[in-house]
Each structure stands twice: as structure tokens, then as C-alpha cells.
Amino acid sequence: MGELQVIDPAFIQAPEHRPKPESVQANNVPLIDLSPLGAREPDLGTLESLVAQIGQACKDWGFFQVINHGVALHLREKMELVSKQFFAMQKDEKKKVARDEVKPLGYYDTEHTKNVRDWKEVFDFTLQEPMILPHDHEHREMWNQWPPHNPPQMKEVCQQYGAEMEKLGHKLLELIALSLGLERDRFKGFFEGGTTSFIRLNHYPPCPVPDLALGVGRHKDAGALTVLAQDEVGGLQVKRKSDGEWILVHPTPNAYIVNVGDIIQVWSNDKYESVEHRVKVNAERERFSIPYFMNPTHDTKVEPLDELLSSRNAAKYRAYCWGEFFATRKLSNFKKLDVENVQIYHFKN
Ligand code: OGA
Ligand code: NI
């Protein structure tokens, strides 16, 4: 007789959403070398080819990995170490910086995705303080919470790492703009004067029922762009556009995984779709990942870009306010709701 596993039923995925024992290994998302960006005088052909690769990856996968991205390895390693040290602390230490409905940044271990609990714990911090979000027709300021003593230097390391992520994020957005035939700095204005970008430290502990639960349930990222560092354990799966199969993104040492979020989908009028992904957990090994969610200012009105529209390509979305969308999402993740979260298709024409 099998061993009886007792876990909170809140973690159990519906049968159709459970991971298959063997995920498809044959393929991987595109791997793109960003070294032309670092060259002193990159030749035009090389840059053009880079832009074409980015465009193709955004269209075919919505996901890609980048290498030679310019983020110093020692800084990434420092960040990964701090993350491990933070999660290794006693629960009551971590709870001292717990997030709640009034202070939505900090530590959290009961997030739900699509109303099923995720097998993970997280720590969120914003890059520009305060982060401003609309709230009941007013604005609310949100501040980071840092553990007072340990891990040492946590705040400084997080801030340094965050600054590097912002640089990389803007480089990627420029490439994406060029790939859409737009001006290189077309997206820049949406991120000026206080973004709502944030970084999340994710810890996925070993899970006794890896076939029933997920580290993060299937979802799309709501913001503009996500740049994720994953460790060597692996578990991120991407829904392949061509056939709907879940594809494991094999860890590539020191690479970043990039995916377009819902906002780029709307800006591009569906040319680049935000793709579903999820995280498989592991019975033996814990896993860490660090996504940077690049989000515009709270007052950004998100809508298809004029330059991409024509009589044959009418706007597929009505404009929506990013800050309101984001605030609604953030709040709903706190509790198991009976209704679905706000989604971009609610703004479809
Ligand atoms: C997320 C996410 C993937 C991972 O936090 O939105 O998709 O590999 N994380 O941790
Ligand atoms: Ni995600």
C-alpha cells in the first residue's frame, strides 16, 4: 500500500493541470547571444541579426534565454547567496518582514495562482521607492521591508542587483522596439518618473507530492517584461505555442530567461503574445529563482501602439490603466477568490 501523504488540499491542482511525470525534453526556448550590445563598434549586420532573432523568439515562443548580457556574475552570485540566507532563517524571523494587505512588499508564503496554493515562499522588493499604486480613487505609497540584521547587506545587494536588472531590461526593450519596427526608445517614456517594477526572490522547498502540486500554477506575467535568474535545479515550464506542450526550460549557467508579459502583448496588438508558464517542484531538491518584473509607471494607459495599427490591423484592446490592473491583481493573490482574476482579455475589443 502506498504511503499516506498528508498535505493541505489547497495545494492540489485539478488533474488536467498536474505536471506529467516526464516533461518534454527535446526542445528548449531560443538562446540569444547579446554580445553585440557590448561591442564598441558593433557592425550593423550583427545588430540587425540580433534584432531579428529577438523578434522571431518573441513571436514563436514569447520566451528566450540570453547570454553575454552584461550582468556581472559576482553580483548575481551575491544576490543568490543573500536569497538562500534569507529563506534559511527561522519562520518567525522571516515573518518579521511579512507582507499583508497594508504592506504588500516583503515575505509571503501563502500565494495562490488561479486559486490553488503555490508550493513556494517569496520575498518581494520594489526598485523605486515608494512604489505608488491607485487605491480607492486615491494613491497609496508602498515601501520595502528589510530584515533588520540578517542576512547582512541584504538591502544593499538587492538594490545593486536591481539597478543591473533595470539596465538589462531597458536594453531588451530597445531590441524589442526595433524588432517591431519602432523607434529604439519607443517604450522609454512609460518607465519614467517611478516605475512599479519589482524583484521577487522565490524559494521552492522540496515537495512530497510533486505530481499533484506546482511551485507556481500556470499563469501569464501581467507586466511588460520578465527577466529571470534560475538556479541549476530547473523546473520552469513554458507552454509551447506550436502545440500546447509544456516545455522545460533547461538551466543554462549564468543565462537570464526573458519573457514578454501582457503589456507587450497589448502594445504589439497581439503580435507578441504573453505565454503561459508554470513551475514544477521537485521531491528531492529545493530550488531558487529570481524574477525581475519590469513594469511601467502606475498611471500608464496601456493600449495598442498607434504606429502598429492600420485599416487592416485595428486595435484589439481598449485602453486600461496599468496601476488599477496591477493593484487589483496584487490584492486578489492574497486570498482564494471565487471569481477569476482580472485578465487582459477583459479589455478585448
Ligand atoms: C513567476 C514565475 C518562474 C520561476 O514568479 O511569475 O513565473 O522559475 N517564476 O520561478
Ligand atoms: Ni511568471
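I began with Glu 273, which is partly exposed at a relative accessible area of 30%. A reminder to myself: this is a predicted model.

I looked up the partner of Glu 273 and found a salt bridge with Lys 241, the closest N and O atoms being 2.9 Å apart. The pair links distant parts of the chain, 32 residues apart: Glu 273 sits in the loop between α6 (262-267) and β15 (277-279), and Lys 241 in the loop between β12 (236-239) and β13 (246-248). Lys 241 is partly exposed too, with a relative accessible area of 34%.

Next I asked for the total, and the structure holds 22 salt bridges. I then followed Lys 120, which counts as buried at 7% relative accessibility. Its side chain meets that of Glu 111 in a salt bridge of 2.8 Å, N to O. Glu 111 is buried as well, at 5%. Lys 120 also forms a salt bridge with Asp 118, at 3.5 Å between the closest N and O atoms. I found these residues in a network of salt bridges that links Arg 99, Glu 111, Asp 118, Lys 120, Asp 124 and Arg 200.

Then I turned to helix α2 (residues 44-60). Buried residues here include Leu 47, Ile 54 and Cys 58. What covers the buried residues of α2 includes β1 (31-33) and α5 (154-179). Just after α2, I noted Gly 62 with a positive phi of about 75°.

Last, I checked cysteines. Cys 58 and Cys 158 are both buried at 0%, and my search of the whole structure found zero disulfides.

Methods:
Residues are numbered from 1 along each chain as its sequence is written. Chains are lettered from A and ligands numbered from 1 in the order in which they are written. This is a predicted model: local features need pLDDT of at least 70, side-chain atom pairs count only at pLDDT 80 or more; totals for chains, interfaces and linings use all residues. Side-chain values use heavy atoms; hydrogens and water are left out. A disulfide is a pair of cysteine sulfur atoms within 2.5 Å. Buried means under 20% relative accessible area, exposed over 50%, partly exposed in between (1.4 Å probe, protein chains only). Helices (H or I, at least four residues) and strands (E, at least two) are DSSP runs, numbered from the N terminus. Contact means heavy atoms within 4.5 Å. A salt bridge is a side-chain nitrogen of Lys or Arg within 4 Å of a carboxyl oxygen of Asp or Glu.
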